[in-house]
Amino acid sequence: MPPRQPAAATADGLIEGLYRMGEPIADTKAPEVPAANMWETHRFTNKMVNPTNRRKLKVIIVGTGLAGASAAATLGEAGYRVKSFCYQDSPRRAHSIAAQGGINAAKNYKEDGDSVYRLFYDTVKGGDYRSRESNVYRLAEVSANIIDQCVAQGVPFAREYGGLLDNRSFGGVQVSRTFYARGQTGQQLLIGAYQALERQVAAGSVETFTRHEMLELIVVDGRARGIIVRDMVTGEIETHLADAVVLCSGGYGNVFYLSTNAMGCNVTASWRAHRKGAYFANPCYTQIHPTCIPVSGENQSKLTLMSESLRNDGRIWVPKRREDCDKDPREIPEEDRDYYLERIYPSFGNLVPRDIASRQAKNVCDEGRGVGPKVGDFRRGVYLDFAEAIDRMGLDTVKEKYGNLFDMYARITGEDPYATPMRIYPAVHYTMGGLWVDYDLESSIPGLFVAGEANFSDHGANRLGASALMQGLADGYFVLPNTICDYLADGPFDDVTDRSEVADAAASVSDRITRLLSVNGERSVDSFHKELGHIMWEYCGMERSEQGLRKAVELIRSLREEFWRNVRVLGTNEELNQSLEKAGRVADFLELGELMCIDALHRRESCGGHFRAESQTEDGEALRDDENFAYVAAWGWGGENQPPVLHQEDLIFKAIELKQRSYK
């Protein structure tokens, strides 16, 4: 199929003055069989590596969250020689630890109609039909194995009175398939993966490098062959070579400055790979989570997530009248409350998908019915009320189910959520976009594999709650070990230690550090990051428009020019230097932010949480354009100060009917 051109190209090949069209792409790895047989067929037809040869093969894994730790542990157990890198002081500090609510799996313990196909269907529908069928079906298929693996590791999942594992519901589904460990699911799963990783460290098959940040990808003869890292304590620039590289470095939500991500989360590993030839897919697809503690002031640098599990029993509402917004919520009678999600979406109520819940919260606040203190000119908050749940289940039961989350809310806000409703508002939480991968999780650079949130493959335009942990562990424990072997079967590859590409990569890192330290301007790194975040949230956040996105591109370009002219990075390289660390990350965010806005501008449709003001139904819902935009937008690096190149992968639906979503 010839590549589509969303708008006419100018004489120099530019479209909308911002990008060029490239050749169409496709995933050629998935077998041409029904979805239910695809994974088993692929595993059987993949080339294998015998145990003796595995000891000769080296694999680098960047990141130690759920995807990275599980991949390193599994490949180490299989006998490969693995090097594991993280910028934290321990693999256990990876951001996966912050996940609260649960992990999905199609085990149908509740006998409420769940199945592999239903999880597959819910995930594709929840992503507004912008994810690849083959990858999503495999995710649903291996989900049940994850629970068995984690139980065997001792993960303390919640259990019912009879001892069976308990389940609860999450947004966008009508079954109970979410396994959980109170409000600490991510932490408990990461401890399980960390224990498996440390077992391989003790066995000698995995070597860990903490406080090491990847700053460049080494590509030799078109293959990924290693990375350049900086020892964050000493400043030493190190070269590490291998037969394959796996990026498990998480998402890029901190491009917005204010997000629920850990402050250190960044895009540098992925962006360095992108600049070396890895396609970046759907960068504008970011998730706005509806259940976050609202912004409390102008100087805030971090937002806190309240688990989506609270929407199982909490009811979301705002006053019907603006004049009631100043009142104590307990003084507002039922008839004067608008339980707007239950009113608009009676079938799903408070458990609609995250994108819908977020957009409706924004809508009622934009109407002037938001609650809580004003930040600027607006009240950005809605109530999450547990009064009815406490009456129905009793205070002790609510405390047993949600007590640690309530305690966290009370510590942060100084308010008692048992006595008065919580206040929540949407915030940036997760990124569905990421490096493009095929069915093997291999990027457009041979030998570079990408797992977990760092790739784009499973969630489309919106991620269902409790699916991030599922994807991370599925990729690390069950998918990557069964696909990377097909590539490694042709190894070990030639020694590249003395190749010029290796020295050039190390030199480029040193040159960039020297440049950052030598600007000696007047503005702090944080001030640039905060300004970028404001631009991204204002123009490429919950609602976008052509005019706003074009303005954002110009603002980001101007900000990036000022950054390299006026940033002030304190200290030197030969020491622990957090200012230098942040400067490199913000420099990459400035380039990514522009690409995100170009991607959002070219996609002239509303899908998932990506609401284009020009594309909506009569009642204000997102309006997809399947005729023109049912594809993955995979962007190639165009060169320094050159426009990006758009490659399109058509999304073909065979197991699911492509149709407009409805949760009413």
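I looked up the angle between α13 and α16 first. The axes of helix α13 (residues 500–518) and helix α16 (residues 578–602) come within 10 Å and cross at roughly 105 degrees, so the two helices are roughly perpendicular to each other (65 to 115 degrees counts as such). Axes are lines fitted to C-alpha atoms, for helices over the stretch in contact, and angles run from 0 to 180 degrees between N-to-C directions. Helices (H or I, at least four residues) and strands (E, at least two) are DSSP runs, numbered from the N terminus.

I noted that this is a predicted model, in which local features need pLDDT of at least 70 and side-chain atom pairs count only at pLDDT 80 or more, while totals for chains, interfaces and linings use all residues. Residues are numbered from 1 along each chain as its sequence is written, and side-chain values use heavy atoms, with hydrogens and water left out.

Next I turned to the sheet. Five strands form an open sheet in the order β6-β3-β2-β10-β20, with parallel pairing; two strands pair if DSSP finds at least two bridges between them. β6 (206–209) and β20 (448–450) are the edge strands, each pairing on one side only. On average, neighbouring strands are turned by 20 degrees against each other, direction ignored.

Strand β10 (residues 244–247) runs parallel to β20 and is joined to it by three bridges. Leucine 247 has valine 450 in β20 as its bridge partner.

Last, I found helix α3 (residues 66–78) lying across β2 (58–62), β3 (81–85) and β6, at about 165 degrees to β2.

How values were computed
Parallel < 35°, antiparallel > 145°, perpendicular 65-115°, else oblique. Contact = heavy atoms within 4.5 Å.
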